[in-house]
Amino acid sequence: MKTLALVITMALTTVLSYSQETYTLTVSVDNVLNNNGHVLVGLHTEDTFMKGKGIKNAKAEIHEGKISVTFKDVAPGIYAVMLLHDENDNERMDLEPNGMPMESYGMSNNPMLYGPPTFADAKFELTEDTEMKIRF
């Protein structure tokens, strides 16, 4: 009976230690056009991409055209990062009457797009601590 309890305890410890593994993701931008406002940074899953707030969010101050944000305790998985230079601090992307963005934005993988971004364009797999540079 003691052996069975020991085996179950060891098995649970092993399973729980794997499920609690997390990573750190650091996102930086070094080409912000000006120091007005803030840069909004969102870490997204496919379910939250282009639908509002991400699973983790940050509001970064701009210093000399640069920002850096670190998301801690991120579970391994498939994610996308979206950034917006919110120059007027209204917490949303401002659009021209024709639907084109008025403020700079960027995303993981730095895709060059001629239309709305998709999760497939920006997705990456987080399997270790990662530093990511994104361009506007």
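Guide: A salt bridge is a side-chain nitrogen of Lys or Arg within 4 Å of a carboxyl oxygen of Asp or Glu. This is a predicted model, in which local features need pLDDT of at least 70 and side-chain atom pairs count only at pLDDT 80 or more, while totals for chains, interfaces and linings use all residues. Residues are numbered from 1 along each chain as its sequence is written, and side-chain values use heavy atoms, with hydrogens and water left out.

Visitor: How many salt bridges does this rule give?

Guide: The count is three.

Visitor: Why is the contact between Lys59 and Glu91 called a salt bridge?

Guide: The N to O distance between the side chains of Lys59 and Glu91 is 2.8 Å. The limit is 4 Å, so the pair qualifies. Lys59 is in strand E3 and Glu91 in the loop between E5 and E6, 32 residues apart; strands (E) are DSSP runs of at least two residues, numbered from the N terminus.

Visitor: Why is Lys53 called exposed?

Guide: Exposed means over 50% relative accessible area, buried under 20%, and partly exposed in between (1.4 Å probe, protein chains only). Lys53 has 61%, so Lys53 counts as exposed.

Visitor: How do you know whether Asp94 is buried or exposed?

Guide: The relative accessible area of Asp94 is 10%, so Asp94 is buried. Asp94 forms a salt bridge with Arg92, with the closest N and O atoms 3.4 Å apart.

Definitions and conventions: Helices (H or I, at least four residues) and strands (E, at least two) are DSSP runs, numbered from the N terminus.
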